[in-house]
Amino acid sequence: MDVDGGGNKRVFQRLTGPSTDSKHQKVCYHWRAGKCNRFPCPFLHRELHPPAVHPPNGTAPSSSKRHHAFAASAEDHSGPRRGPHHNTWGRVHGGNVGGNKFVRKTDKVCNYWIQGNCTYGDKCKFLHSWTMGDGFSLLTQLEGHQNVVTGIALPSGSDKLYTGSKDETVRIWDCQSGQCTAVIQLGCEVGCMISEGPWIFVGILNMVKAWNTQTNTESSLTGPVGQVYSLVVGNELLFAGIQDGSILVWKFNVATNCFEPLTSLKGHSLPVVSLVVGANRLYSGSMDHSIKVWSLETLQCLQTLTDHNAVVMSVLCWDQFLLSCSLDQTIKVWVSSQNGGLEVTYTHNEEHGVLALCGMHDSEGKPVLLSSCNDNSVRLYDLPSFSERGKFFSKQEVRSIQVGPGGLFFTGDGTGQVRVWNMLADTASTA
């Protein structure tokens with residue numbers, strides 16, 4: 001018999017917060033797994049707040065790596081370079097790190113809830129929602145593709161959204177009604193798709209399709225051997241990452257109104273799956289686990305980065321930093337070293353492989369990183385702290401993320417579903 005009421009005391013402490021007694025500082029292992037059946041349970045049924053980022057004396061902990069501040073200007077997109085010496089990457093001032101702005105349950109959507117027959121209701125240990133956090137909202141869902149969405153594009157001056165998929169089609173959506181207005185049959189899988197000005201570029205097997213949405217002209221750029229996995233435009237050049245490890249380059253000829261092959265960049269030993277341009281450089285991520293840095297002027301390789309130990313799925317230039325993600329479950333932040341080369345200044349660890357990165361700003365101009373993982377989730381991080389402001393889930397992996405105007409962003413998952421989202425202000429910091 002619990003004469004002193006210890007059982008009720010433990011329940012109260014579990015719900016309201018940990019006591020100073022160290023035995024109550026532990027989170028229930030079985031609750032985390034979604035199967036604790038003890039009542040009352042002597043351990044916490046919620047996540048602990050992480051310890052303070054800085055020691056009580058206000059000094060930062062010692063570290064062998066240098067940390068740099070995120071640039072204040074949101075309009076400076078000059079790419080990686082040495083920044084001010086402030087210890088801000090992965091740190092939060094006046095707040096908590098990593099997802100404590102909302103109540104956590106088990107980070108998995110209930111399969112029975114998806115099917116509409118979960119009997120546990122609010123007592124279910126798994127999520128009965130596709131979203132966690134309040135910094136964004138779902139506007140609509142676009143249904144039509146029958147396979148993974150591999151590219152999303154919004155050409156300038158158009159009121160249409162273009163999506164490409166492994167179902168061998170490109171779909172065109174009316175941005176006002178959300179209706180699909182056209183389906184283009186390509187006869188082979190879409191490996192990637194981007195827009196630049198009025199142009200749409202579609203990477204397919206052995207070819208890049210180029211469509212001008214203003215003149216309704218179409219070009220077929222031949223030369224690739226195998227699937228085209230990545231595309232980017234920079235310095236009036238079109239770059240395509242190919243299955244054989246090469247990067248093909250075309251230059252647009254204004255006089256002839258066509259794209260002319262320029263050269264092929266060799267260096268990667270496996271397919272090039274991600275490309276980005278910044279700071280007069282081309283950055284390429286590959287299945288060979290490396291990132292190569294190329295000069296946009298000479299098209300020569302300047303540096304090879306080998307800190308990842310799995311496929312480099314995405315690379316992103318943001319202010320003076322290069323961000324990269326990999327199936328090795330890390331997001332790395334790179335900055336220029338004293339000798340001019342890039343080095344890792346911060347590594348953010350995930351519990352799952354990271355598939356895609358995309359950067360945007362919320363309605364207050366605060367930088368936000370969107371990161372999709374192979375647990376079917378997309379996480380939203382404040383930068384440079386990497387404090388998690390929310391996450392949302394899909395039925396399958398999100399392979400495509402694209403930013404639109406006015407705080408909109410788009411995601412495409414493995415089922416073929418395209419979702420339209422709206423980024424909101426960080427209510428937790430403004431409340």
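Phe136, Phe392, Phe409 and Trp421 are linked into a cluster by ring pairs, where rings of Phe, Tyr and Trp (its six-membered ring) pair if their centres lie within 6.5 Å, and planes under 30 degrees apart count as stacked, over 60 as edge-to-face and the rest as tilted. The model is a predicted one, in which local features need pLDDT of at least 70 and side-chain atom pairs count only at pLDDT 80 or more, while totals for chains, interfaces and linings use all residues. Residues are numbered from 1 along each chain as its sequence is written, and side-chain values use heavy atoms, with hydrogens and water left out.

| Aromatic pair | Centre to centre | Angle between planes |
|---|---|---|
| Trp199 and Phe201 | 6.0 Å | 15 degrees |
| Phe409 and Trp421 | 6.1 Å | 5 degrees |

Phe409 lies in strand E28 (residues 408-413) and Trp421 in strand E29 (residues 418-423), so the pair ties together parts that are 12 residues apart in sequence. Both Phe409 and Trp421 are buried, a term that stands for under 20% relative accessible area, against over 50% for exposed and partly exposed in between (1.4 Å probe, protein chains only). Trp199, at 11% relative accessibility, is also counted as buried, and Phe201 is buried with a relative accessible area of 2%.

The protein has four helices and 29 strands, which are DSSP runs numbered from the N terminus (helices, H or I, of at least four residues; strands, E, of at least two). Buried residues make up 50% of its 431 residues.

His268 lies in the loop between strand E14 (258-265) and strand E15 (272-278), and His268 counts as buried at 7% relative accessibility. Its side chain makes a polar contact of 2.7 Å with the side chain of Ser284 and another of 3.3 Å with that of Ser290; such a contact is a pair of N or O atoms within 3.5 Å, and within protein one must be able to donate a hydrogen and the other to accept it, while residues adjacent in sequence count only if both atoms are side-chain atoms.
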